[in-house]
Number of protein chains: 2
Amino acid sequence: MLTGNCVVAQSGGPTAVINNSLGGVIEAALGSEAIKEVYGARHGVLGILREDFCDLRREDPASIQGLRYTPGAALGSCRYQLKNQEDYDRLLDIFRRYNIRYFFYIGGNDSMDTAAKVNRLALEEGYDLRVIGIPKTIDNDLPQTDHCPGYGSAAKYLATSVLEMGLDLKCIVTSTKVAIVETMGRNTGWLAAATALARRRPGDAPHYIYLPEVAFDMAAFLADVERAYRQYGTALVVVSEGLVDKNGNYVFNDAATVDVFGHQRLGGLGQFLLNKIERELNLKGRVILPATSQRSAMHLASRTDAEEAWAVGRVAVEAAVKGASGQMVAIRRLEGDTYQVTYELVDLDQVANKEKKLPRAWINEQGNDVTDHFINYVRPLIQGEVSIPFPNGLPAYVNLACHPVKDPD
Amino acid sequence: MLTGNCVVAQSGGPTAVINNSLGGVIEAALGSEAIKEVYGARHGVLGILREDFCDLRREDPASIQGLRYTPGAALGSCRYQLKNQEDYDRLLDIFRRYNIRYFFYIGGNDSMDTAAKVNRLALEEGYDLRVIGIPKTIDNDLPQTDHCPGYGSAAKYLATSVLEMGLDLKCIVTSTKVAIVETMGRNTGWLAAATALARRRPGDAPHYIYLPEVAFDMAAFLADVERAYRQYGTALVVVSEGLVDKNGNYVFNDAATVDVFGHQRLGGLGQFLLNKIERELNLKGRVILPATSQRSAMHLASRTDAEEAWAVGRVAVEAAVKGASGQMVAIRRLEGDTYQVTYELVDLDQVANKEKKLPRAWINEQGNDVTDHFINYVRPLIQGEVSIPFPNGLPAYVNLACHPVKDPD
């Protein structure tokens, strides 16, 4: 049994349930005989390089449990990638000095790459270290796992919001006939696709959904909007922010919209498409931009997602203590009518820097909607609600005390 | 006792709880001896002019109860104002033919004006009719009432969302340093102001709040954003969509942003301000545009608000049956430490076409935040949550069957 200290860190854009994975790691690490001190690095690998550690053993157990319903990365996150050999050497040196033998990294594709490299370096240097990646992304684009913790909650929030926006749009006879909901999803359409769950009856919003997986055609898009408007009186369409045309170029390129005076910039893809609709179809509309609410709206998180996020954290620790390293915890969906999952380990190299797109078979032929295959895939992921205390009308999200760890030297 | 039929209609932008007021009217009307048939007009006064009525007696009682947790206007709404004497005459003629003796209109300033005019016309024509207005608006801008049903829920949703967006923004070390949340509120700042509730500790978002009640100064705004960024590492500011400069002109005028080719339009006030920040302060940021979620997010409504919205519907019927007409139900807050309200009637003429702004004393001297006076005013309005069935991971919002009413002739 490898004994020593552990460090856990969070990376990339947060999700509603990223702290569940942190909680799962802490709970399992505190209960493990192999793991002595439980450190949290603030702001991902940056916190390791800066030796900015919290002593998680000293946290109030109520705060640890509060991670079950607290959004944002409680330890802080970063978008920093280790740049060069110097960074990696420094990281391993710090691990040595703090006797860190277990490294748990909660993140997406980039973070899995970092974890893989740290694992390789430790092997090369003969430093006994266990590195386990813990998947996290609302984008749901990690390969080798049925889905990613964080996605189910974002899907539930978006589907509910689009259901509500649809009721709003259709109930009022007014000049606003079109609503464009722009979701996150630069390279994959998992988030936009999930809004299909909002439909209960024929004619319900969203009327069409556009994904980066399918080349966007402006003429077809405008025809869709006009058709929905003629059929239902209003048109609500959902677009993933990273739509591309048949040449693979972004339909709306944020960087290219400053005019010669540098004085103007359009409001993003949604506004760009709305301008087209207003001009070509003479229909008034509005853009809805949920932005970071998609990854922070814990108030409407999926209990299934939160519980799985906690579980992947626990499983990471248990696997590492048993000797695993250089792997990521993946979720496998079991066959059968009832949704059930099991957790398994996959090689970090199989995940690092790779992206899983929506299978073409889960998108309709016209490329403006999803199929029932996708609905069957996503529906189990949004089941259940997370119970959150609302002591004064607002959710009582917790803060970690983050007691600093002293330099061992 | 005036016996006859009643009609209820919904008008203007919906709120999360506008259907609570409808439910209160239906419940009280069904229980009243004076009221025979209970009709709902589809899409406000338009439904009356079109004789498009639903027979609400035939609705499933479970659907009526479901109005407690269903957003959007269940009868449909409109932004139609009766245009001319012909419209009014026609309306009264229809009331006569359907023996409608009670008219309940759920809406904002414009709708109270319509209700007042209908009431006056009936008096002039000697047609015995009782007209009661039922306040509804997330804008909270109706005079003569402590607050408006719909506002508390929008306030709770916005405050919770800004709390979550703030946790998101500050946790991640990335290039995005600024978030601009653009709220509704064309002429008043009640919605933007409510986001101040999101703060729990010094330094919490929102860092500054800008309201239409105070002349906007771009230099001061940029200085505020820079100061927040220097102090806290990130800056989250909330702007009400209708900000005006010292001359009373909109800071961002949507209509004036089409270029000479008619090809460009900026994304709104938030995007306009973000462009300024990026150019002048060299800070990257993002715009968050909750748009219609502010008025439809029943999933995070205030129970206090929902219960009051139901109550004003009931009170309207009870008052009308007792003989009141030409009045609106208002909410009066009782003195004392515990929040308690009572309902009273105010003249429609005192409400019609008038707007209540945030008192200057509830805004700080610099005009970039609210004072504790406002916090004490708004906090009771967001208390409690509405229990919603989530049978399959999504809220089970109801639809009315809307059985049509036959023409009496």
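Let's start with one residue. Arg97(B) is partly exposed, with a relative accessibility of 26%. Please keep in mind that this is a predicted model.

What does Arg97(B) pair with? Its side chain meets that of Glu51(B) in a salt bridge, at 2.7 Å from N to O. This pair links distant parts of the chain. Glu51(B) lies in the loop between α2 (44-49) and β3 (53-55) of chain B. Arg97(B) is in helix α4 (residues 85-97) of chain B. Is Glu51(B) buried or exposed? Its relative accessibility is 19%. Buried means under 20%, so Glu51(B) counts as buried.

Why can such side chains pair at all? Opposite charges can pair when the charged atoms come close.

How many salt bridges does the structure hold? Over all chains, there are 40. Let me show you some.

In chain A, Glu125(A) forms a salt bridge with Arg96(A). Their closest N and O atoms are 3.4 Å apart. This pair, too, links distant parts of the chain. Glu125(A) sits in helix α5 of chain A, and Arg96(A) sits in helix α4 (residues 85-97) of chain A. They are 29 residues apart. Glu125(A) is partly exposed, with a relative accessible area of 43%. Arg96(A) is partly exposed as well, at 38%.

Back to chain B. The side chains of Arg333(B) and Asp146(B) meet in a salt bridge, 2.9 Å from N to O. Where are these two? Arg333(B) is in strand β12 (residues 327-333) of chain B. Asp146(B) is in the loop between β6 (130-135) and α6 (151-171) of chain B. They are 187 residues apart, so here again distant parts of the chain are linked. Arg333(B) is partly exposed, with a relative accessible area of 22%. And some salt bridges share partners: in chain A they join Glu51(A), Arg90(A), Arg97(A), Asp407(A) and Asp409(A) into one network.

Next, the two chains together. Chain B can be laid on chain A by a turn of 180 degrees and a shift of 0.0 Å along the axis, with an RMSD of 0.0 Å. The copies are therefore related as by a two-fold rotation axis. The same surface serves both copies, as 100% of the contact residues of chain B recur in chain A. The contact takes 70 residues from chain B and 70 residues from chain A. How much area do the chains bury between them? About 5,700 Å², with 51% of it on carbon and sulfur atoms. Across this interface the rule finds two salt bridges. Arg295(B) forms a salt bridge with Asp168(A), where the closest N and O atoms are 2.6 Å apart.

Now two residues from the record. UniProt, in an unreviewed entry, lists Gly13(A) under "binding site". Gly13(A) is in the loop between β1 (4-10) and α1 (18-30) of chain A. Gly13(A) is buried, with a relative accessible area of 12%. What does Gly13(A) touch, beyond residues up to four places away in sequence? In chain A, Arg79(A), Lys136(A) and Arg295(A); in chain B, Ile172(B).

The unreviewed entry in UniProt also places a "binding site" feature at Asn109(A). Asn109(A) is in helix α5 (residues 109-125) of chain A. At 14% relative accessibility, Asn109(A) counts as buried. Not counting residues up to four places away, the contacts of Asn109(A) include Asp141(A), Leu142(A) and Glu355(A).

Last stop: helix α9 (residues 269-280) of chain A. The helix has 12 residues. From first C-alpha to last it reaches 16 Å, close to the 16 Å expected at 1.5 Å a residue. Which residues of α9(A) are buried? Among them are Leu269(A), Leu273(A), Leu274(A) and Ile277(A). Residues three or four places apart in an α-helix point the same way, because there are 3.6 residues a turn. What do the buried residues of α9(A) pack against? They pack against β8 (176-183), α8 (218-232), β10 (235-240) and β11 (284-288) of chain A. After α9(A) comes Asn282(A), whose phi is positive, near 60 degrees.

That's my tour. Over to you.

Conventions. Residues are numbered from 1 along each chain as its sequence is written. Chains are lettered from A and ligands numbered from 1 in the order in which they are written. This is a predicted model: local features need pLDDT of at least 70, side-chain atom pairs count only at pLDDT 80 or more; totals for chains, interfaces and linings use all residues. Side-chain values use heavy atoms; hydrogens and water are left out. UniProt positions are given in the numbering used here, feature names are shortened, and annotations may be inferred rather than shown by experiment. Helices (H or I, at least four residues) and strands (E, at least two) are DSSP runs, numbered from the N terminus. Buried means under 20% relative accessible area, exposed over 50%, partly exposed in between (1.4 Å probe, protein chains only). Contact means heavy atoms within 4.5 Å. The expected span of a helix is 1.5 Å times one less than its number of residues. Copies are superposed by least squares on the C-alpha atoms of residues with pLDDT of at least 70 in both. Buried area is the accessible area (1.4 Å probe) that two parts lose on being put together, summed over both. A salt bridge is a side-chain nitrogen of Lys or Arg within 4 Å of a carboxyl oxygen of Asp or Glu.
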